[in-house]
Amino acid sequence: MAEAVISEAHGLFSSDLPPLPENRIVVGFGMVSVDYVAIVDAFPKPDEKVRGRSLQVFGGGNAANALTCASRLGLTPKLITKVGDDSLGQIALAELEADGVDTSLVKISDGGTSTSTYVIVDKQMKTRTCIYTLGVPAMVPDDLPKTKLVSALNEAKLAYFDGRSTKPALVVAQEAARMSIPILVEAERKKAGLASLLDLATYIICSEKFPQAWTSASSIPKALVSILLKYPNVKFVIATLGEKGCVMIDRRTPGEDPHLDAIDVDSLTESLKLRIDENVTTPTLVTSESSVRLRADGIGTLYGKLLLGTAEKIPPSEILDTTGAGDAFIGAVLYALCAGMPPEKMLPFSCQVDTMKKKNSCSRPHVVGQRLDVVVLDKLPPQINPRGSISLLVLSFIISCLCCL
């Protein structure tokens, strides 16, 4: 039964992407930090002293990284967060402003300290370990005057929350919901207050471990069904899976036959995996039919479309750092939503942007130049079509990443 509802794999950028709307404003709420990135040959053992290959300082933080990516892709992002009036806060804001992120909504705390993160990149295992110290004092709802908040959300196309500082985040989300602004919530791990944010979400993007931790389901596909049943206003939920790509369920209305037999979501997932062409190195997509009745035993059923996106197969020697890759994926999804991109284009596009991040040793690869250098163009995947204004925006982003290799 599962085999009958599988469609063909879709390649990246099979046709010109849709143009962005005139309104490109995205308001994001969440973390900004300064990252100290140390690259080592191998992660140190307890009480061991190792030599670092390099130490670099970059802007970081989930929301800040995602909005930086969104800005480089052509959106107009605004960030709501809090920093101290210390040197770290100044560095973080200066870098965001240079990348076109509006920081006028950032609360600067007199005498406060800004968030910082120490990142250890293990060249041997291709992993990164983050140790972060939160800034003080923390952001509180009183840091957000309602008049300023309403003005910030006015004309916003989308609101994004990285799941941190949930009390003040909920104030912003409630106002966005009141103004009928779609809300994307990032769910990285279980934390107090996140459930209230998810109640207001239009879209959810999860880390690999979150769905099962949140629902206690026996598999990720079942957990995604559970999340959609629990939050009826959510249109889609995505779980990012690192080098395994991503899985998405897009909520759909019943097809022509509302009494269609339900298909076990785990069985369908395994059937889709069999259709993935392992010889293709660039991001691809396999999907079910447009509307399938998905069943998760012990949980329930819903109508939706199941999509599996593959990640680009990157040679180990080309993976420099995975820090911020998930944030780049979210930034690309923000772009795709604003552009009205269907899921079939959104997932491989976002995976491609994620790939470009992994090939750079920083959370936000610096823009070295915007010119379309012939030498740089030779490095681009052949599937990318440079025709059209939106394709050029995407091209500019990828070139920016490649220029700092």
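Predicted model: local features only at pLDDT ≥ 70, side-chain atom pairs only at ≥ 80, totals over all residues.
Which strand does V286 lie in? The answer comes in point 6, after a look at the whole chain. Some notes for a first reading follow.

1. **The chain as a whole.** The chain has 405 residues, and 56% of them count as buried. Its secondary structure comprises twelve helices and 17 strands. The accessible surface is about 17,700 Å². Carbon and sulfur atoms account for 53% of that surface. Take the contacts between residues at least 6 apart in sequence: 73% of these join residues at least 24 apart.

2. **Helix 7 against helix 8.** Two packed helices are described by the angle between their axes and the distance between the axes. Helix 7 covers residues 220-230, and helix 8 covers residues 265-274. Their axes come within 8 Å and cross at roughly 125 degrees. An angle from 65 to 115 degrees would be roughly perpendicular, and one over 145 roughly antiparallel. The two helices are therefore oblique to each other. The crossing is right-handed. On the helix 7 side, P221, K222 and V225 make the contact.

3. K222 is found in helix 7. Is K222 buried or exposed? Its relative accessible area is 13%, and the cut-off for buried is under 20%, so K222 is buried. Set aside the neighbours within four places in sequence. K222 is then in contact with A217, with V265 and D266, and with A296, D297 and I299.

4. **Helix 3 against helix 4.** Helix 3 spans residues 146-153 and helix 4 spans residues 166-178. The axes come within 10 Å, with a crossing angle of roughly 55 degrees. That angle makes helix 3 oblique to helix 4. Helix 3 passes helix 4 in a right-handed crossing. Which residues make the contact? From helix 3 they are K146, L149, V150 and L153. From helix 4 they are V171, V172, E175, A176 and R178. The contact has six nonpolar and three charged residues, and no polar ones.

5. **V286, the opening question.** V286 lies in strand 15, which runs over residues 285-287. Its relative accessibility is 1%, so V286 counts as buried. E344 is 58 residues away along the chain. Even so, the C-alpha atoms of V286 and E344 are separated by 8.7 Å.

6. A64 lies in helix 1, residues 62-72. With a relative accessible area of 0%, A64 is buried.

7. **W214 in helix 6.** Helix 6 covers residues 210-215 and includes W214. Beyond neighbours within four places in sequence, W214 is in contact with K190, L194, A195, L198 and Y231. S226 is twelve residues from W214 along the chain, and their C-alpha atoms are separated by 9.5 Å.

8. **A cis peptide bond.** The bond joining V136 and P137 is cis, with omega at about -5 degrees. P137 is found in the loop between strand 8 (127-133) and helix 3. A reader tracing the chain into helix 3 will pass through this loop.

9. **Two positive phi values.** D47 is not a glycine, yet its phi is positive, about 65 degrees. D47 is found in the loop between strand 2 (33-40) and strand 3 (52-60). Its relative accessible area is 87%, so D47 is exposed. S165 is another residue other than glycine with a positive phi, near 45 degrees. S165 is found in the loop between strand 9 (158-161) and helix 4. At 39% relative accessibility, S165 counts as partly exposed.

How values were computed:
Residues numbered from 1 in each chain as written. Heavy atoms only, no water. Helix = DSSP H or I, 4+ residues; strand = E, 2+ residues; numbered from the N terminus. Buried < 20%, exposed > 50% of the residue type's maximum accessible area, 1.4 Å probe, protein only. Contact = heavy atoms within 4.5 Å. Areas by Shrake-Rupley, 256 points an atom, 1.4 Å probe, with all protein chains shown as cover. Axes fitted to C-alpha atoms, helices over the stretch in contact; angles between N-to-C directions. Parallel < 35°, antiparallel > 145°, perpendicular 65-115°, else oblique. Left-handed = near helix turned anticlockwise from the far one by under 90°. Nonpolar A, V, L, I, M, F, W, Y, C, P; charged D, E, K, R; others polar.
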